[in-house]
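Please keep the model open as you read.

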Amino acid sequence: MEILLQTVLSTIEIAVFQDKQLVFRKQSPSLQKSNNTVVYDLQNMLQNRGLPLSRIRRFWFVNGPGYYTGIRIGLSIAKAFSDTTSIPIRLITTFHWLRMGIPPSTERCCIFIPSSKKEGYLARMHHFSVESVQCIEKEQMEKDYHSNVLQEPLFVPFGGLDVSIPYAPVGDITTLPLDYKDVITSQTIEPEYIKSVDDLFQNRKECG
Amino acid sequence: MKRHDTQKIHLHIDSEEELENFAETFCSLLQGDEVIYLQGPLGAGKTTLTKKIAHALSIDPHQVISPTFVLMKQYKAALSMYHFDLYRLDEEKQLSDIDFFEIVEYPGLKIVEWADKFPSLKKYADIIITLSIGGSSQRSLTVQRNA
Amino acid sequence: MYIVGIETSCDDTAASVINEKKELMASILSSQTTFHAKYGGIVPEIASRKHLELISHVCQEALQSSHIGWNDVDLICVTKGPGLVGSLLVGVEYAKAASLALGKPIKGIHHIEGHLLSPSLTHPITYPYMGLIVSGGHTEFVHVPKPGSYQVVGSTVDDACGESLDKFGKSIGISYPAGPIVEQFATQGEEKKYPFPLPSVRNRPFDMSFSGLKTAAMHVLQKLSPDEIENEKGSLCASYQRALFYHITATAKKILASYPSTMILLSGGVSANQTLFSMLQQSIDIPVLKPGKGLSTDNAAMIAWAGYCRYIAEGSDSLDFEVQSSLALESYAAE
């Protein structure tokens, strides 16, 4: 049994996998993250299933991009689990997590994650590889979409954009194959994460 | 025809009562989601004005104290109010560390002191109020909408 | 019984271990030179990012210094407010996750309660007592008639006194943290040379206002040349300090006349200031106590201790308690 916690988007998620199949998922709207109940919900979920934490084979944490507050929440939990148990922790970017909800037959796609009212991160992906990430103003991205500059299908999480852009609601699919070979992993939590947050900040600077 | 990007209003305030009246009128004109920058030197009355605005929103003004040390305080009444003080920040990257960019999107009023330390923040403001000191309880206020 | 305390409400990342006999086994702060010599970083650091980088290390250091592991820990205590939300969240989420993973109880603690109880870690205390917290972010009088019962009877309505000292220090060229340096300069000057005014708060005799003091100081400084400011540093600091502390002491006397107390418990960063301590001792008949070394400024030992006291009285918290940037002490105590 493996558990994934995603706290970086405006809807946070707990997802449970058994033999690479998604068996349970809880999504909670959470814009103001100070009142999140991720750990409490996780505790309830485990108790309802009669599962002690020690039975969990691996924990996955989505480590960004997304809301900084959410990233901090997720990784604080990850560090605590890492320090207090011997359960392996794996990190996965938001792009890779969302890509899992897109049909595998889609060879190339774009995924846009809003990082504020005006901007976000646009990744171009080829299957599970992120080919490029750019920080882009939402207005510019909407223009590009409408004028077919993007070329590939565009996906956004949980309605993160204007309703004027039709989007595939990523994350509605109930069976997600978790193929370990294709996702980013990390043995230790700190160094990987710090690099990515600093990188994200660099991107933000270039943006505006 | 020359268009003005920003419209400015100049006011002279001679007493605390006048400041209170200003705050009440000012708040009644707001929608409730604005980002307001308060600019001016130490002692100009930025926190005092924030208290008056809080009072107009039915938040106890005595609870509103300077957020210099804690960097941001949040108050809840019918409307939420977020009170930032960027005095202690030295670098732009610290703005992410206090979740500035996220909180400016939250519903409620966001009041920011010392935003003028970081020119790149100007685009996030809806209204900028500049205060300057006249005499002991006299202040000049310039209120402008941000383009 | 081993109790871990975690405190991330503002700048410092702190963890500590105490036992039920009030023995302090470790108190680690990220601002300590020994800590950041080992892990790097600049002091002081304003950053929730820093909290995330350091939380694991401070906790590990605290446990190692105490010669225990996480499996030996019986209770986890963490500051849930007031403070900066992004910073508080790091400590709280870490603590909640540790509590879940270990199956151990957890307590979410009010930062001010930690300060209020900190002198009792090292000194016997008697009730009722008056707590006086004086720090960069807080200046308040809290009456404690019996354990766990708090009434905020007077506080600043604008600047905190530590903040006031810092802003004044900065305006005469002293860098952060200015408080201790202002104190040093003050010993070389004449405290009555610059009579700064002491405004009171209309209709609120137990509250204090320091922003007028700041404005008055700015007026005085505007009339002096940079050379004059340099030469007059001692007297400027002495006079400013005197006005600030006189304001606090006079308010203390007024409050104690209405709220009988057996002692004053001083805490917060400015409690380390000897001038304030002496002024209080001289003006007040009851004993003035301050916390042991290293426990005046923000620390996690006070959180562990407050958490232990609450746990004995109330049991564990459930994992859904919230982080709050503004948390009123009375409503917290009433929960």
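The text below covers the interface and then the sheet of chain B.

This is a predicted model, where local features need pLDDT of at least 70, side-chain atom pairs count only at pLDDT 80 or more, and totals for chains, interfaces and linings use all residues. Residues are numbered from 1 along each chain as its sequence is written, chains are lettered from A and ligands numbered from 1 in the order in which they are written, and side-chain values use heavy atoms, leaving out hydrogens and water.

**The interface**

Contact here means heavy atoms within 4.5 Å. By that rule, 15 residues of chain A touch 14 residues of chain B. Buried area is the accessible area (1.4 Å probe) that two parts lose on being put together, summed over both.

| Chain A and chain B | Value |
|---|---|
| Buried area | about 1,400 Å² |
| Part of it on carbon and sulfur atoms | 46% |
| Salt bridge count | 1 salt bridge |

The salt bridge (a side-chain nitrogen of Lys or Arg within 4 Å of a carboxyl oxygen of Asp or Glu) joins Arg72(A) to Asp99(B), with the closest N and O atoms 2.9 Å apart.

**The sheet of chain B**

Strands are DSSP runs (E, at least two residues), numbered from the N terminus, and two strands pair if DSSP finds at least two bridges between them. In chain B, 7 strands make an open, mixed sheet in the order 1-7-6-2-5-4-3. Strand 1 (8-13) and strand 3 (72-76) of chain B are at the edges with a single partner strand each, so one side of each lacks a neighbour in the sheet. Strand 2 (residues 35-39) and strand 5 (residues 109-113) of chain B pair in parallel over 4 bridges, and Leu38(B) has Glu113(B) as its bridge partner in strand 5 of chain B.
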